[in-house]
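I am opening this notebook to record what I looked up, entry by entry, with the structure on screen.

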Amino acid sequence: MASSTAPARHNLPRPGTGFVGRERDLSSLLRLLESSRSVTLCGTEGIGKTRLALRVAEQSTASFPDGVWAADLTDAHTELEVHARVAQAVGVVEEPGQPLGTTVVEALRDRRLLLVLDACDPVADAVTGIGETLLAACPGVSILITALEPVRLSGGTVWRMTPMALPVASRNGPPPDPADSEAVRLFLDRARIRDPRFDPSRQDLETAAVLCDLAGGVPLGIEVLGGSAPGIGPDALAEGLRAHLASPEFRPGPGQAVARSEVLPIVLDFVYRTLPEPERVLLRRLSVFRGWDLESAEQVCAGDGLAREHVLDLLASLLDRSLITVTGEFEGRLRYRLPEAVRAFAAERLAEAGEDGLLRERLLDRMTRLAEDLGLRLESSRAMPWSERDAGRRRVLAEFDTLRSLLRWAHREGRAEPGLRLASSLVAHWVSHHDYSEGAHLMDLLLDLEDAEKAPSRARALVGRAQLARVRRDHALALSLGEEGLRLCRESGDEMFVRTALNLLALVEVRERVPDRAAVRVEEALRLCRESGDLWGEAIALGTRGALAAQQGDHQTADQHYNAALTLLRGIDHRWGVGVTLIGQARAAELGGDLVTADRCYREALDTQRMIGASAEEARCLAGIGRVAYAQERVEQACDYLSEGLLLSHAAGQRAEVGRALVAIARVAFAVGMRDAACRIAGAAVQMRERLGLSVPPAPWPFGDEEKTRRRRKRLVSLWEEGRGLSTAEAVREAERLAEEGRRPPSRRSPSPPPAHARPGGPSGADRRGPAASPAADAAPAAPDPARAGGGPAGEQGAEQPGDRAGAVHQPGDRRPAHRQHQQKDGLPFAHADRGVDAEPRGTGLTVPPKPPRTGPVPAPAH
């Protein structure tokens, strides 16, 4: 568990340059956040809102045990996109079939954290609504907003950013030292980045103060002027800027001066004109990116007068001039970004040069090939190391801001074909990173374009959109779009996507319990895959066969199909496929009572999911190992694994999985004598089901048959109803406490310990858990989902989880002790799952501190 004194976690970007000045603002804002839960920093472009907000967040970690999390809303257009970026920032995973906004609010309801919403202007109204909801529903959440204009939330404070302080002479005092003012200090800092030997004289310092004043005290303007000073010299720079500002081109009228709020574009224009021509060309061409590395800049920006071999030196010069910034590294390569004010200015220059369309076409072509490479690697039947197969997914993640902007551009320009082609290639990303709703929204925009009906990529796009509908539990839409996509793919002779669509439709029909139609689909898919040598597609079809067999109660046949799929996947080192197939096999074995096989598969799958960073699948494996351990009477191990899985699901905002884990822990606790608390958390789990729109069993489920006397049963019902009033965090704390009790030897367990919220010392660490347990966990890659395949290779979508069926009975060959067989006899059992078994991993890199993998034989209980 996390300690209350543990350092807070964060996702704040690494600053590329030092933070200079703003000491008073920083101190005041830190105090203000202690008394106000909502603060908006507003001011003109380049005034330093984002940099100050991130600095405040960095220094606020001690006040927010669940961390500080930043969401960049640049280019966001809708409320859905705001929710998606907030969810990504705080590590909340989208719940299939549930509104993303509700998932975010429920996940943050009991956390104590600071949320930084940066660049909110395009979605100010949406931010206002979402902010009000969070402040009302989540008493531990504070919000720090940056925007050009005030975004006012109830009870919040607006902090208007002012220009940086300039040297001020005191009456009857000596002249001030210019180097003591924060504006001149910033100027000198950026000048020394350009040339560490820059040693200004007193006159140079005076001139630097003049330059800072001419820039209006705007930090970005001061930075770019400072970056130009070593080359031109402060005096020449000041003379040139004065002349530029005095130009009739920029004066608002005769005898009128330029307003401070309008100075920055003029300063940028002045600096731009002082650049050598190759640097001007590169700067304006870089405006098509939202982030890039050297390779991308060379491939997209070189040509037409700009030599590729010169791009590196030109980038270094622009970086020294503070016109671009470093945002971090990816695979050993630096990544860069333009400050938003610089990007907007450079984009205007690109349009003036008539290069906008050409550069965007180049970028679109490169990014489309990159995204298509993701799908090809993930679905390739060629044996290759997993690191090579996974590289495409990680690269798409690094470039996704640019990819999203290109989809928006294609929609804005009415370019249906290139937009649909790119979107189809990104379905794998949206599924594996749980951006189902955002992906569906962007694809719908493109499919609704006038030219979309005639676009060659429409067929593949429909299959991809059907996949997003499937993972969102909209099966009717998935079948409709999938059928149409299949028809178009057959007509165009797109054999690869014919196989993809068949596998997708078979998975949906297994989930919808239409076994006859599912069997026809999967057999055709299997035949076509074998004829074409498509090992990946064949593995999917075999997994779907296994799921179908398990659903019909033929667990031995299911195991054979899963083993066949695993043989293919291991042969090509497809670790994601192996991990998901193992989960399907484990669930089928658990349902059939083969606990030894179930335990082995869950444990092997756990190692795989941890390796690829799929936290949601990791939580399912932990829960599965816990259920099997309980069925084998290993109570201590059951509590250990179930507790860890519960905390991991809770951190990711997965309410359905949390509810299942609560029921599993309640069963263990009830069996070892902690009946009161077990009934309480069972009631809390049922209340969670009701909030999710799932069926609600009668009180005191799942212990309805445990007490025959009316008085004792009435007591269980009373405790069960009491538990329905617990919040999610309270139920998790109480379940965590029960798990701690269950780990103790039987002689030391307390049969009726007090509720968690009544214990001295307050809540446990369950509700303080942030989106990640460590910086390493933050960076862990999420598992990919080859969406064109229509699902996971295990074909487990639709396979029953243990006890999915109301009234499920003990199967022949069940190896559990008789007194454990009640797991499946009373309606909605141990790990009830209304959504069946999913093939998609929902990992976000969020992990609790992992225990050493337990891959050996399970030891017998001490008692």
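Where in the chain is the place of R22? I find R22 in the segment before α1 (23-35). I am working from a predicted model, and I looked up this residue for its backbone: phi of R22 is near 65°, a positive value in a residue other than glycine. Most residues other than glycine have a negative phi.

Entry on the whole chain. I noted 34 helices and 8 strands in the protein. Of its 863 residues, 60% count as buried. I also looked at how far along the sequence the contacts reach: among those between residues at least 6 apart, 74% join residues at least 24 apart.

Entry on α7. I compared the length of helix α7 (residues 202-214) with expectation: at 1.5 Å a residue, its 13 residues should span 18 Å, and the end C-alpha atoms lie 19 Å apart, which agrees. The buried residues of this helix are D204, L205, T207, A208, A209, L211, C212 and L214. An α-helix has 3.6 residues a turn, so residues three or four places apart point the same way. I asked next what covers the buried residues of α7. The cover includes α6 (182-194), α8 (219-232), α9 (234-246) and α10 (263-274). Following the chain past α7, I came to G216, whose phi is positive, near 75°.

Entry on C529. Is C529 buried or exposed? With a relative accessibility of 0%, C529 counts as buried, and I located this cysteine in helix α23 (residues 515-532). Leaving aside residues up to four places away in sequence, C529 touches R499, D534, G537 and E538. I also checked C529 against A539, 10 residues apart from it along the chain, and the C-alpha atoms of the two are separated by 9.1 Å.

Entry on α25 and α26. How do the axes of helix α25 (residues 555-571) and helix α26 (residues 575-591) cross? They come within 10 Å and cross at roughly 165°; an angle over 145 degrees counts as roughly antiparallel, so I recorded that relation for α25 and α26. The crossing of α25 past α26 is left-handed. On the α25 side the contact is made by H555, A558, D559, Y562, N563, A565, L566, L569 and R570, and on the α26 side by G577, V578, T581, L582, G584, Q585, A588 and L591.

I then went to the loop between α25 and α26, where D573 has its place. Phi of D573 is near 55°, a positive value in a residue other than glycine. D573 counts as partly exposed, because its relative accessibility of 24% falls between the limits of 20% and 50%.

Entry on cis peptide bonds. Which residues does a cis peptide bond with omega of about -5° join? I found that bond between A699 and P700, and P700 lies in the loop between α31 (675-691) and α32 (710-723). Another cis peptide bond joins W701 and P702, with omega of about 5°, and P702 is likewise found in the loop between α31 and α32. Most peptide bonds are trans.

Technical notes. Residues numbered from 1 in each chain as written. Predicted model: local features only at pLDDT ≥ 70, side-chain atom pairs only at ≥ 80, totals over all residues. Heavy atoms only, no water. Helix = DSSP H or I, 4+ residues; strand = E, 2+ residues; numbered from the N terminus. Expected span 1.5 Å × (residues − 1). Buried < 20%, exposed > 50% of the residue type's maximum accessible area, 1.4 Å probe, protein only. Contact = heavy atoms within 4.5 Å. Axes fitted to C-alpha atoms, helices over the stretch in contact; angles between N-to-C directions. Parallel < 35°, antiparallel > 145°, perpendicular 65-115°, else oblique. Left-handed = near helix turned anticlockwise from the far one by under 90°.
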